[in-house]
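Please read these notes alongside the model.

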Amino acid sequence: MTTPKLKIKKRQTLADQLYGQVLEQIVSNKLVQGEKLPSENQIATAFGVSRPVVREALRKLQEDGLVEARRGVGTFVR
């Protein structure tokens, strides 16, 4: 008798969902290179999430080289 394989689906966090939506906008050229992203507060309000969720999504985008954060200035598409 063989044991059935379990398929475990990882639930997407809000930060992962936000990451995906911003990534989609970058890929579809709705956000172009050099364009400044809205502030954390504006993004949080627009997507109905908290600022820590926004920060985590932006951190992931920055780690992947898609955006660049400039202290005191904002976050820009790379």
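1. Aromatic pairs number zero, where rings of Phe, Tyr and Trp (its six-membered ring) pair if their centres lie within 6.5 Å, with planes under 30 degrees apart counted as stacked, over 60 as edge-to-face and the rest as tilted. This is a predicted model, in which local features need pLDDT of at least 70 and side-chain atom pairs count only at pLDDT 80 or more, while totals for chains, interfaces and linings use all residues. Residues are numbered from 1 along each chain as its sequence is written, and side-chain values use heavy atoms, with hydrogens and water left out.

2. One ring does have a charge over it: the charged end of Arg-70 lies 4.1 Å from the centre of the Phe-76 ring. The criterion is NZ of Lys or CZ of Arg within 6 Å of the ring centre and within 35 degrees of the ring normal.

3. Helix H3 spans residues 51-63, 13 residues in total, and reaches 18 Å from first to last C-alpha, close to the 18 Å expected at 1.5 Å a residue. That expected span is 1.5 Å times one less than the number of residues. Helices (H or I, at least four residues) and strands (E, at least two) are DSSP runs numbered from the N terminus. Just after H3, Gly-65 has a positive phi of about 75 degrees.

4. Which residues of H3 are buried? They are Val-53, Val-54, Ala-57, Leu-58, Lys-60 and Leu-61, buried being under 20% relative accessible area, exposed over 50% and partly exposed in between (1.4 Å probe, protein chains only). Down the axis of H3, the buried residues fall within an arc of 155 degrees, so they line one face of the helix; the arc is taken from the directions from the helix axis to the C-beta atoms. Their cover includes helices H1 (14-27) and H2 (40-47) and strands S1 (67-70) and S2 (74-77), with contact meaning heavy atoms within 4.5 Å.

5. There are six salt bridges, each a side-chain nitrogen of Lys or Arg within 4 Å of a carboxyl oxygen of Asp or Glu. Asp-16 pairs with Lys-60, with closest N and O atoms 2.3 Å apart; Asp-16 is in H1 and Lys-60 in H3, 44 residues apart. Lys-60 counts as buried, at 19% relative accessibility. Asp-16, Glu-56 and Lys-60 form a salt-bridge network.

6. Arg-55 and Glu-40 form another salt bridge, at 3.2 Å from N to O. Arg-55 lies in H3 and Glu-40 in H2, so the pair ties together parts 15 residues apart in sequence.
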